[in-house]
Amino acid sequence: MRAVNFSLEANSSLDRVYPHRDNPVATTASINIARVGVHYRTQEALRDVNCIVNLGRLTGIFGPNGAGKSTLMKAMLGLVPLSSGNVLYQGKPLMQQLEKVAYVPQRSQIDWTYPATVWDVVMMGRVKKTGWLRSFSGVSRQVAKNALERVGMIEYRDRPIGQLSGGQQQRVFLARALAQQAEIFCFDEPLVGIDQKTQSVIFEVFHELAADNKIVLVVNHDLGESITHFDDLILLNRELIATGSRQQVLTEQNLYSAYSGKVMYYSDAA
Ligand SMILES: Nc1ncnc2c1ncn2[C@@H]1O[C@H](COP(=O)(O)OP(=O)(O)OP(=O)(O)O)[C@@H](O)[C@H]1O
């Protein structure tokens, strides 16, 4: 596994644990999630969530099953309605800037029987730049080719997506996200049901995107070693339990609060 830099932020831990509430540290380039609540009919899925997603950081949304992780991501992107609060990016509602977002939903929400090749799927990532009725430019084709090469899937370009393994399918959707040339990358459970090679490729790309000053937000539930890849965490259980750098969030107390009891997690503390 690659070496991970565990340096702590300059801010004090209290500043970072609830940054939005008490010590706003958001820059205009961050995503600022303020007092977000979501209801599904009468059921409250999220209550009063306040946090910041910083650019240039790999941020994970963690929490137990049913904690509202996917709901938070969907609410940010307008895929489920907010019952309270707002989500701003660069000081303006994120929902009015969705052309800046690449979103990869959970595998279970994708129709793998859809008759599309790997190439078709990645070119769909260019539609926002090109428009539906325009033919794709040479630039778009080159961007798509580069993206497929980046994830090691170029030789599968003519393969129907339904004929790929889970890991290969995830890499194709990662390539589609790259082809979008977005500012904000949102992935819902990209590590579920994938092989080790795909996991390595995914994290390499995530780190490259963060190093390129993109916002990279990932819903994940695995508290194993892969958690060490994340710079910042948002720990949820229907409400915000903690947020900040990974080291600040991964405390026994926070995990106890989120998981209602003792939980095993990977610790990189010395
Ligand atoms: N479309 C929906 N209609 C009604 N309830 C929903 C809907 N989507 C999610 N829920 C409920 O909202 C709560 C939060 O769900 P969500 O999928 O956001 O959690 P999660 O943390 O992503 O869970 P998991 O790790 O199991 O995917 C759950 O109780 C879930 O059953």
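User: By the definition that a residue is near a molecule if its C-beta atom, placed from the backbone, lies within 6 Å of it, which residues are around the ligand?

Analyst: This is a predicted model, in which local features need pLDDT of at least 70, side-chain atom pairs count only at pLDDT 80 or more, and totals for chains, interfaces and linings use all residues. Residues are numbered from 1 along each chain as its sequence is written. The residues around the ligand are Tyr40, Gln43, Ala45, Gly63, Asn65, Gly66, Ala67, Gly68, Lys69, Ser70, Thr71 and His221.

User: Which element supplies the largest share of the shell around the ligand?

Analyst: Helices (H or I, at least four residues) and strands (E, at least two) are DSSP runs, numbered from the N terminus. At least two shell residues come from each of β2 (43-53) and α3 (69-76). The largest share, three residues, belongs to α3.

User: Which residues of α8 are buried?

Analyst: Helix α8 spans residues 196-211. A residue counts as buried if 20 or more other C-beta atoms, placed from the backbone, lie within 10 Å of its own. In α8 these are Thr198, Val201, Ile202, Phe203, Val205, Phe206, Leu209 and Ala210.

User: Against which elements do the buried residues of α8 pack?

Analyst: Contact requires C-beta atoms, placed from the backbone, within 7 Å. For the buried residues of α8, the partners are β3 (58-62), α6 (138-150), α7 (166-179), β7 (184-188) and β8 (215-219).

Note on methods. Near = placed C-beta within 6 Å. Expected span 1.5 Å × (residues − 1). Buried ≥ 20, exposed ≤ 12 C-beta atoms within 10 Å, placed from the backbone. Contact = placed C-beta atoms within 7 Å.
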